[in-house]
Amino acid sequence: RAATDEEWSAVLLPAVLKALKRTPDAAVASLLALLDSLPGSLTLDASMPGLAEALQPVLLSPTALRSATAAKVYGALGARCSPAGVQKAAALLGAWKPALLSASLARSGYAVALSELAPHARPGAAEDAKGNKEITALLDALIALAGKESHEGTRAQLLAAVGAWLPLAL
């Protein structure tokens with residue numbers, strides 16, 4: 001039996017958010033499986049801002065495995081959202097304060113998460129000027145980070161994220 005939109009909103013989402021605060025490692029890994037098992041008709045646009053915020057500490061973790069798993073969750077969430085929802089989530093990530101991205105590993109996870117989201121925000125989906133402005137701001141933030149990055153691998157990931165989002169700004 002598949003979960004309904006009401007079950008997701010009333011039962012599953014609150015449990016996921018609570019688990020992400022208490023046991024983030026276990027919650028992130030199980031969230032991937034949960035997202036995979038949800039019915040294809042269930043969109044998570046309304047849940048994306050709360051989940052993106054709850055995933056932030058895991059994504060910016062100093063542990064590479066945690067950060068990589070969280071980035072995959074962003075991609076799985078993107079697959080469950082409309083292109084406009086994905087762009088909104090990317091704009092939320094783009095608005096993160098630079099102080100959050102002080103470590104190279106945090107910038108790496110950030111870039112990978114944005115790269116995971118990008119395929120789900122198809123070109124042409126940003127039809128209004130506001131969407132384009134948000135994407136342009138995201139690209140500006142990524143380029144600024146890449147310009148200051150001293151770690152070659154992280155710089156490459158930041159530039160890959162720029163390349164993934166660039167078609168949406170044009």
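**A buried arginine**

The side chain of Arg80 comes within 2.7 Å of the backbone oxygen of Leu35; a polar contact is a pair of N or O atoms within 3.5 Å, one able to donate a hydrogen and the other to accept it, and residues adjacent in sequence count only if both atoms are side-chain atoms. The model is predicted: local features need pLDDT of at least 70 and side-chain atom pairs pLDDT 80 or more, while totals for chains, interfaces and linings use all residues. Residues are numbered from 1 along each chain as its sequence is written, and side-chain values use heavy atoms, without hydrogens and water.

Arg80 is situated in the loop between α4 (64-79) and α5 (83-94); helices are DSSP runs (H or I, at least four residues) and strands likewise (E, at least two), numbered from the N terminus.

Leu59 belongs to helix α3 (residues 48-59). Leu59 counts as buried because its relative accessibility is 0%, buried meaning under 20% relative accessible area, exposed over 50% and partly exposed in between (1.4 Å probe, protein chains only). The C-alpha atoms of Leu59 and Leu114 are separated by 11 Å, although these residues stand 55 residues apart along the chain.

The protein as a whole contains eight helices and zero strands. Of its 170 residues, 42% count as buried. The C-alpha atoms fill a box of roughly 50 × 35 × 20 Å, taken along the principal axes.
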